[in-house]
Structure formats: C-alpha cells, structure tokens
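Have a look at the model first, then read on.

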Amino acid sequence: RSREQIKAFRELATGRGYLYRTVPRRYGGAEQAADVLKAQVIREEFTRVWAPREVTGNGVMMLVPTLLAHGDDWQKERFIAPTLTGDYIWAQGYSEPGAGSDLASLNTRAVLDGDEWVITGQKVWTTDAQRAHYMFALVRTEPDAPKHAGITYMLIDMGQPGIDVRPLKQITGTAEFNEVFIDQARTPKDWIVGERGEGWRISRSTLSFERNAVGSSESSVALFGKLVKLAQQTYLNGSPAIQDPEIRAAISEIEGDVLAHKYAGLYQLSCDAEGRDAGAIRIMNKQILTMIAQRISLVAQRIMADAALLMPEYRKNHKPGPERWVQQYFNSLAAAIGGGTSNIQRNIIAERVLGLPRDPMQRGQK
C-alpha cells in the first residue's frame, strides 16, 4: 500500500468514526462519544486485518491529548489536524544531560524578549528530532522559583537558526535518538501550553499518555505470539526449538505473566467501561510490559543460538530474518528508560501506591 492509499484510508476511516474517535471534527477527528468498548473492538478488528490505524509518534500519542486538555483554541486549530495526518512531526524535549529521571532539575532556559521567548540549553535522547517540524519542550522560565514551579511547557519551531540536532548513533547502527543544542532560538510569547510556570503540571499529563501507550497488554500478547512462532520455526539440535524441554519451560513461565497482563488489561477495560477506578494496576502497566519484553527477548536469543550474534541489516528492500530479534532485545533494554526509568517507576509504585516508607538513604539518613 502506498503512502497516499494509507492516508486516504485514514481519512475515510475517521469520517466513519473509526479513528481519532474522541478528537473534535473541527480538529480533524471523528468527534465520537468516548466508548472504551467500541474503541477496543475497532483496535482488535483493524489489527486482525492489518488495516492502517492512527499515525504513530510523539505528536499523536502525547501532544494531541495534551493540547485537547490544556491548549488554547488557536493552538488546537493550528497544530492538531496536521499532526493527526502526519504532516507535522513532533519531538519531545524533556530529558537533559543533567535532568533525566530528576526531570525537574532541567536547565534549559527561556527569557521573554518583547513578544518572543529566547531559549538556550540542551536536550538529549530526543526521538525523531532530526526529522521533526516542531518540539514540545519543558523550559525553565522562572529561575528564582522552586524547581517544580518555574517550568513552562513550550512549543518550538525546529526549522530555525539556533537549533542544532546531532544524531546519537546506537549500538544497533541506527540513530533514532538525538542531542538538541538550542542557542538563542526563539518562539512566540503565546506558544506555551497552559500558564507560564505551570509546565510541570502539564507535563504530568503528557507523561501519563506516554506510559499508557507503552504499557498495553496487547503489546505483550503480540510479542509473545511472535516468540512462539520463532520457537516453532527455528531448529535446535535437529528439532523445532518448541520441543526442547528447557525452551518449553521458559516459554510456559512467560505465558503465565503474559496471560496475567492480558486479564489485568481486560479488568482495566471493564472498569473504564463502568466508570470505576481500576486502582494500582494502571500505574504498573509500563513496568509489567518492560519486564515481559526483556524476558521474551532473552528466550528468543537462546532459541536463535549463533544467529543471535548477527545484527539486523538496514538497507532498502531488505527483509530482515530472525536476527531482527537482536533489535528487539536492544529495544527491550531501552524500554526500561523510556516514559520514566524502571527504577524510578518502582519507587513511585512502592511509595505512592503501596504506601511503603522511603529508603533511609534517600532521606539522607544512615
């Protein structure tokens, strides 16, 4: 299918109420009443027949719901529709060299100069920055305020002087992430989401959208299905790997976690449909998927044996073989960082969900 065919299908599907269901029509959506059961049926059926779904990426996944919740009307009018069609690509400017897990320590600053903000600083691990049209970023605008109170959520044009994007080459040979150096770049005074200094509060909703997106139980079910297929099609010692007792045992153990994740997801879906709070499980989704993905990747390497030493090839019209699981393994490690590191997530779950006391060392005690 060509890019034009996919775009035409998405426009038709949106007009019929299947895609971008809760986005108002004036912003390019279907303007349907929120219905989690209908949305789930649509996702499952589209996935079953490999039909194009919503455009992926930071813009649709994180910025659009943030603008719908907190943006001005003109921002919604200008940015949402082109983002839904993929005409606008967005980078997320959160992490900095000295502010990753402790994001509130960020140092990128903006000073108001007439009707424009003048921005200076550095962002890192910025996905898709090398091809992004815009960036939504956290920038410190009140240097004398407490660190959580002096941050503003800002929109920045990436195609201007003062923006220097430098790709970070990964061990896989790709360069998905980037460093972004910002030197006296400018953005209009009203290109902020929410009020000045409220960026920390706004960013909490953006991160929640990201964590919900990367923690889906459907992802773990799909990845497990690929692992089983790999074990059925790959031979170890003259027989399909699925017949090896140790491989079968490892797959069975993972299947238990995958099924638990699946039914936890269905429980959350039922709660959403009934307007009930699913409780602590929702904040654990991302952590659970990360754990399952890493275990699946390790078993896949055992199944592939020497083939796991091969790197996936990245060239036009090349269809990767089993070595693509090497990429999956590296991705599973990266998932422990994206959307909030696993260690930080464990602390949040322990303290805020389970009510456990903080580690004495974290309180500065011996």
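**Notes on the cores and salt bridges**

1. Start with the largest nonpolar core, which has 33 residues; Phe136, Tyr153 and Leu155 have the most contacts inside it. Six elements each supply at least two residues of this core: helix 2 (36-48), helix 3 (58-70), helix 4 (73-84), strand 4 (134-140), strand 5 (151-157) and helix 5 (199-214). Helix 3 gives the most, with 5 residues. Keep in mind that this is a predicted model.

2. There's also a second, separate core, made of 23 residues. Ala231, Ala293, Ala308 and Val326 are among them.

3. On to charges: the whole structure holds 17 salt bridges. One of them pairs Arg48 with Glu45, with the closest N and O atoms 2.9 Å apart. These two sit 3 residues apart in helix 2, so about one helical turn separates them. Arg48 is exposed at 57% relative accessible area, while Glu45 is partly exposed at 36%.

4. Arg295 and Asp257 meet in a salt bridge too, at 2.1 Å from N to O. This pair links distant parts of the chain, 38 residues apart: Arg295 belongs to helix 8 (residues 281-304) and Asp257 to helix 7 (residues 245-274). Arg295 is partly exposed, with a relative accessible area of 27%, and Asp257 is partly exposed, also with 27%.

5. Arg358 and Glu351 form another salt bridge, their closest N and O atoms being 3.7 Å apart. Arg358 is partly exposed at 42%, and Glu351 counts as partly exposed at 26%.

Note on methods:
Residues numbered from 1 in each chain as written. Predicted model: local features only at pLDDT ≥ 70, side-chain atom pairs only at ≥ 80, totals over all residues. Heavy atoms only, no water. Core = buried A, V, L, I, M, F, W, Y, C linked by side-chain atoms within 4.5 Å. Buried < 20%, exposed > 50% of the residue type's maximum accessible area, 1.4 Å probe, protein only. Helix = DSSP H or I, 4+ residues; strand = E, 2+ residues; numbered from the N terminus. Salt bridge = Lys/Arg side-chain N within 4 Å of Asp/Glu carboxyl O.
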